[in-house]
Amino acid sequence: MGDTPVGKLLLKLSPPVMLALLIQSIYNIVDSYFVARYSLSGLTALSVIYPIQLLMTSLGTGVGTGLGILVSRMDGTGDAGRQRDLAKSGLWLGLANALVFAAAGALLVEGYFALSSDQPEVRAAGVQYGRIIFLGSLGLFVESNCTKLLQAKGNMLLPMLAQVAGAVINLVLDPVLIFGLLGAPELGVAGAAVATVLGQWAAMGITLAAVWRTYGMCGRLRFADCRKIFRCGLPSIAMQSLYTLYIIGLNLILKQFTEDAVTVLGIYYKLQAFFFIPLMGLQQVIVPVISYNHGAGSAGRVRETLRCAVRISVAVMALATAAFWAVPEWLLSIFSPDAAILAIGVPALRRIALSFVPAGATMMLTVYFQGVDRGKSSLFVTVLRQVVLLVPLAWVLHFWGLGFVWLTFPLTELAVLACSLVLYRVKRLPAGLRP
């Protein structure tokens, strides 16, 4: 963390984390692919519930990020004595989060779908899928915390292998349980949910065993540590949670035109995952690197880490932009060849893709603020994007027609990038850090 050249360090640590997160995101993508071949209403239901799954992932990832930051900071300052207490407190937080979602999801999922869709078939499929996902969420929450605890110690390979194992289980079981193959009952959309939960629990088992070996289980549950974990992870939780809320807001605006537009937005988020999720993995890599060097007082390595991360993210987003402009019809037809979906989706993908490059740069600046203990700056940028700009701007633009709503994305990302650069210039690292 403190001596290896930054470029070499990121190239070593990033690929396993990127792949692990991408595989984690594939759960919903794989579910959507097979469900689309079972029923179009099921695909719409998964598009509607996708933001809630993102909310679950954001909470799990955010708590895990807080754990990782604290562990890395302790290593950087030479104070690693209480890491077992942190690890145990983090695992208990994972259990608490699972219980909250199991209870709230079971009670509120029907009301959520009643608000989000006017089609009875979509509501029924969504409630069926959602209840299973919520009740089985322990695997997602505990695995997220275990993964960050292992990554903070430089173990990037095992979390990736755990995600691969879970994704393979989901991929194999999806068609079996959805369509009733090999003598299994035909569960339809519920089968996709069962396959997802079983895959997440398998990944949890693998990472939990490794955490047990690395940290031991003799630490104490300390509520003070729980507060620290949440405080350190709050910018990440807020960033991704607000991301969820703005998708719900956009769904409600798009529903005023047609539910096909809601389906297009859901397909878009599944497609962009192949580019944005790896960058979220890069975020998770640079946070402990920046936190370690910030704690060690090495400002030069902090800035070099940010520069390398921005270069990588801009390159990835330029590739994503090219793909969305060149072959939007093919990308959409992976999930649905329906003519109405293609008519709405092709111009939508091309207009949204204009936001990719500025969004990639902003993602790195946001976690830079988090890593140098400027959580308020990170939170401000997130709130500006997800609360102040995206949904209100989409609501204003929808009066000019559906095509203008998609321009919300590039207009928002350009404004947020400009704000992030101003914050970066105005307040650099504390003067006490050595260059």
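Helices are runs of at least four residues assigned H or I by DSSP, and they are numbered from the N terminus. In this predicted model, Leu182 is found in the loop between two such helices, α6 (157-179) and α7.

**Overall make-up**

The chain has 16 helices and zero strands. Of its 435 residues, 60% are buried. Among contacts in the chain with a separation of 6 or more, 82% are between residues 24 or more positions apart.

**Two residues and their surroundings**

Is Leu182 buried or exposed? A residue counts as exposed when its relative accessible area is over 50%. Leu182 has a relative accessibility of 81%, so Leu182 is exposed. Its backbone is also worth a look. Most residues other than glycine have a negative phi. Phi of Leu182, however, is positive, near 55°. Another positive phi, near 65°, belongs to Asp373, which follows helix α13.

Asn97 lies in helix α3, which covers residues 83-116. The cut-off for a buried residue is under 20% relative accessible area. Asn97 counts as buried because its relative accessibility is 8%. Leaving aside residues up to four places away in sequence, Asn97 touches Leu59, Val63, Phe141 and Phe230.

| Residue | Relative accessibility | Class |
|---|---|---|
| Asn97 | 8% | buried |
| Leu182 | 81% | exposed |

**How α4 packs on α7**

Helix α4 consists of residues 120-135 and helix α7 of residues 189-215. Their axes are 8 Å apart and meet at an angle of about 20°. Angles under 35 degrees count as roughly parallel, and α4 and α7 are therefore roughly parallel to each other. The crossing of α4 past α7 is right-handed.

Which residues make this contact? From α4 come Ala125, Gln128, Tyr129, Ile132 and Ile133. From α7 come Val189, Ala190, Ala192, Ala193, Val194, Thr196 and Val197. By class, 10 of the residues in the contact of α4 with α7 are nonpolar, two are polar and none is charged. An α-helix has 3.6 residues a turn, so residues three or four places apart point the same way.

**Helix α13**

Helix α13 runs over residues 356-371. How many of its 16 residues are buried? The number is 15, and α13 is thus mostly covered. At 1.5 Å a residue, the 16 residues of α13 should span 22 Å.

Technical notes: Residues numbered from 1 in each chain as written. Predicted model: local features only at pLDDT ≥ 70, side-chain atom pairs only at ≥ 80, totals over all residues. Heavy atoms only, no water. Axes fitted to C-alpha atoms, helices over the stretch in contact; angles between N-to-C directions. Parallel < 35°, antiparallel > 145°, perpendicular 65-115°, else oblique. Left-handed = near helix turned anticlockwise from the far one by under 90°. Contact = heavy atoms within 4.5 Å. Nonpolar A, V, L, I, M, F, W, Y, C, P; charged D, E, K, R; others polar. Buried < 20%, exposed > 50% of the residue type's maximum accessible area, 1.4 Å probe, protein only. Expected span 1.5 Å × (residues − 1).
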